[in-house]
Amino acid sequence: MTTTIAMPLGRLFRRWAAGLALAAAAALPASAATLDTVKQRGSLVCGVSQGLAGFSDRSGGAWTGFDVDFCKAVAAAVLGDPAKVTYVPLSATERFEALAAGRIDLLSRNSTWTLEREAGLKLLFAGITFHDGQGFMVLRRPAVVSALELDGVPVCVQEGTTSALNVADFFRANSMRLTLHTLPTSAEALAALEAGRCDVLTTDQSALFAERLKLSKPAEAVILPDVVSKEPLGPVVRADDVAWFNIVKWVAHGLVNAEELGISTATADEAMRSAKPNVRRFVGAEGDLGVKLGLDNAFAIRAVRAVGNYAEIYERNVGAGSLLAIPRGMNQLWSMGGILYAPPLR
């Protein structure tokens, strides 16, 4: 004799839903647990450019620059030491593959945030650290004062960049003939400009300021005022580890918030004694913001002690205190006429 016991409909539904949830979880990619990997290794592996003055450069022996300082800030926040970084120089064509393959933990290399790069390459941009735009640097054509006068003029650009796509769009939109020379690296593109294969180099305006310094006669090159694209530059991580993404993102936000709050390398000790609630949260004296990220609560102030706040990083590497002397412009704080804005640490 067989006995059948009827299960209540509600319990049956709950079991069915739980089974679906387990199946869905099994289908999802496993978390990369990058934080654990970085801690066990004892260093952050950070992808940078192959040499761009002001951003990531090794001409003096040690790595320096805006993007390099961000690597140091993350290392200070996570490992307590900005020196615990292994830098991997990458070309434009290999940078995203290196990140996707896990050869680097973080890409901090003047990379433009686009939909294709996030959705198509399964990557995540952890915010905008530098608002830029594509421009043109002209050599041997002193009469040219606008990009609209470049009809038929040979243009050099680096392959694997948004610049190569944008320049084609710009010439097409303005019914201009484009004679384009695409080179594998930025160094080869600059060499082609100096050798006369082209009279114009196009890339992000910030990069043009850096590349001009490498010419044998920098004063003869003119950066045109035209800006023909939006180039939101920022650090990139893989999309399979949201916990690591949040850490990198909030280190970036922390550097901007530090400037807003007046917290710098010079005022860090004073900030530790502050009675202001937002400053106390920033330095970790109140709340458990760092713990929620998997770090300790002093992660943000450690980053600032290591490299300074956003203003210090900018001015030292690309601003008035540097050879590039790029005005802050859009990269000024939102409260000072720019568009630099970060969510609050609270």
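How many nonpolar, polar and charged residues does the lining of the second largest cavity have, by class? I get five nonpolar, five polar and two charged. My classes: Ala, Val, Leu, Ile, Met, Phe, Trp, Tyr, Cys and Pro are nonpolar, Asp, Glu, Lys and Arg are charged, and the others, Gly among them, are polar.

Ground rules. This is a predicted model, where local features need pLDDT of at least 70 and side-chain atom pairs count only at pLDDT 80 or more, while totals for chains, interfaces and linings use all residues. Residues are numbered from 1 along each chain as its sequence is written, and side-chain values use heavy atoms, with hydrogens and water left out.

**Cavities.** On a 1 Å grid over the protein atoms alone, a cavity is a set of points where a 1.4 Å probe fits but cannot get out, and lining residues have an atom within 4 Å of a point. Points are joined across faces, edges and corners, and a volume is the space filled by probe spheres set on them. I count two cavities of 30 Å³ or more. The largest holds about 110 Å³, and its lining includes Phe-70, Ala-252 and Tyr-310. Helix 3, helix 9 and helix 14 each give that lining at least two residues (helices are DSSP runs of H or I, at least four residues; strands are E, at least two; both numbered from the N terminus).

**Pocket.** A pocket is an open set with protein on both sides within 12 Å along at least five of seven lines. Of its 26 lining residues, I find Arg-109, Asn-110, Gln-158, Ser-186 and Thr-203 closest to the centre. Strand 9 supplies the largest share of the lining, four residues.

**Sheet.** Strands pair if DSSP finds at least two bridges between them. Five strands form an open, mixed sheet in the order 8-7-9-6-10, with strand 8 (179–183) and strand 10 (222–223) at the edges. Strand 7 and strand 9 run parallel, joined by two bridges, and I see Val-155 opposite Val-200.

**Helix 13.** Which residues of helix 13 (residues 299–307) are buried? I list Phe-299, Ala-300, Ile-301, Ala-303, Val-304 and Val-307 (buried is under 20% relative accessible area with a 1.4 Å probe, protein chains only). Just after the helix, Gly-308 takes a positive phi of about 95°.

Note on methods:
Buried means under 20% relative accessible area, exposed over 50%, partly exposed in between (1.4 Å probe, protein chains only).
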